[in-house]
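Dear colleague,

Please find below the sequence and the structure that I am handing over to you. My notes on what was found follow directly after them.

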Amino acid sequence: MLATPVLIADYKTKLWEMPAPVVLNEALSDERVHVLTASINKFNSCFKAGYDFVIFEVMKPEKARAKGSWIKLVETAHFHSDIGRQGGEQIVSVNPTDADGSHKERTPFHELCHALGMAHEQYHVHYPLENPKVIDALLSTGRGERPFTLENMVKHIEENKFVSLGPCDFQSIMMYGRFRSAARAVDPTITEPETYLSETDIRVLKNIYQCNGRPLPIGRPNPVAWCEATRKNIKAWSLAKKAQTLTTFTSTSTKADKPGARGRSFSQ
Ligand SMILES: [Zn+2]
């Protein structure tokens, strides 16, 4: 079975007419315009093999407006993009100094994939949340990442906002940060593809945008039974972890590493 990234459930109503128009924020410096344009060109080049297909086209605001829907790429302290085409101007924000402190394409690629309809890979029904090693890795303190709550994640899955087909793709650009680290707890050979986009990321985007003339296989919603079982398991782990954390704080309070962040994860 082929791995397939997670998509917003109603992605078919949120597809872009290709190429999706991109307007670069007028406040960007020439240097940043150059960097972001290069990112978009590199993104497009990932789809060239065997096809003459352009995903994004950087254009002037007037031309983009005439298309009805367009992405406005801006740089802020945060990363953000809605999932799929929203209609009208759609802000996609990237931070020029991403988590790795680099100016690489990873963050723009990730956010642009959101705009194309892709959701986080950890919401895949086959993300190995049943594995205690994964849970431990998720709950460990990340590099400046916000406290993570499993409850929150399960809530997202339960809301059936996403569809996932086939096995989970650990190399997807939508599997990021500690989620990829957690996957490595199960399979240490997991790496990030050189171009950030995994083969599966590219394949699914080609399919939903019909670049290769083949429609995406029929999706299926997240199974309710799986959600129920996972929620139950996570509750049990949360309780066990809370008990363990309390014991650790009591016995080694001077060595506690960021206890606030860890404690807050399980405050409810
Ligand atoms: Zn994201």
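Helices (H or I, at least four residues) and strands (E, at least two) are DSSP runs, numbered from the N terminus. The model is a predicted one, in which local features need pLDDT of at least 70, side-chain atom pairs count only at pLDDT 80 or more, and totals for chains, interfaces and linings use all residues. Residues are numbered from 1 along each chain as its sequence is written.

The protein chain has nine helices and six strands. Of its 268 residues, 34% count as buried; a residue is buried if 20 or more other C-beta atoms lie within 10 Å of its own, exposed if 12 or fewer, and partly exposed in between, with C-beta atoms placed from the backbone. Two residues are in contact if their C-beta atoms, placed from the backbone, lie within 7 Å. Among contacts between residues at least 6 apart in sequence, 74% join residues at least 24 apart.

Sheet and packing helices

Strands are taken to pair if DSSP finds at least two bridges between them. Four strands form an open sheet in the order β3-β2-β4-β5, with parallel pairing. Because β3 and β5 stand at the edges with a single partner strand each, one side of each is left without a neighbour in the sheet. From one strand to the next, the twist averages 35°; axes are lines fitted to C-alpha atoms, for helices over the stretch in contact, and angles run from 0 to 180 degrees between N-to-C directions. Helix α1 packs on the sheet and touches β2, β3 and β4, its direction making about 155° with that of β3. Helix α3 also packs on the sheet, where it touches β3, β4 and β5, and its direction makes about 150° with that of β5.

Within the sheet, β2 is largely enclosed by the rest of the structure, because four of its five residues are buried. Three bridges join β2 to β3, and P21 stands opposite E57 in β3. Three bridges also join β2 to β4, where V22 stands opposite I71. P21 lies 7.7 Å from K67, C-alpha to C-alpha, although the two are 46 residues apart in sequence. K67 is found in helix α2 (residues 61-67) and, with 14 C-beta neighbours inside 10 Å, counts as partly exposed.

Core and helix α3

The largest nonpolar core has 51 residues, and those with the most contacts inside it are V22 and A119. Helix α3 (residues 106-116) gives the largest share of this core, five residues. Such a core is a set of buried Ala, Val, Leu, Ile, Met, Phe, Trp, Tyr and Cys residues joined through C-beta atoms within 7 Å. Leaving aside residues up to four places away in sequence, A119 touches V6, L7, I8, I83, F162 and M174.

Eleven of the eleven residues of α3 are buried, so this helix is largely enclosed by the rest of the structure. Its cover includes α1 (30-45), β3 (56-58), β4 (69-75), β5 (88-94) and α7. G117, which follows α3, has a positive phi near 120°.

Backbone points to inspect

The peptide bond from M18 to P19 is cis, with omega near -10°. P19 is placed in the loop between β1 (6-8) and β2 (20-24). Y196, although not a glycine, has a positive phi of about 75°. Y196 is in the loop between α6 (177-186) and α7 (199-208), and it counts as buried because it has 22 C-beta neighbours inside 10 Å. Most residues other than glycine have a negative phi, and most peptide bonds are trans.

With kind regards
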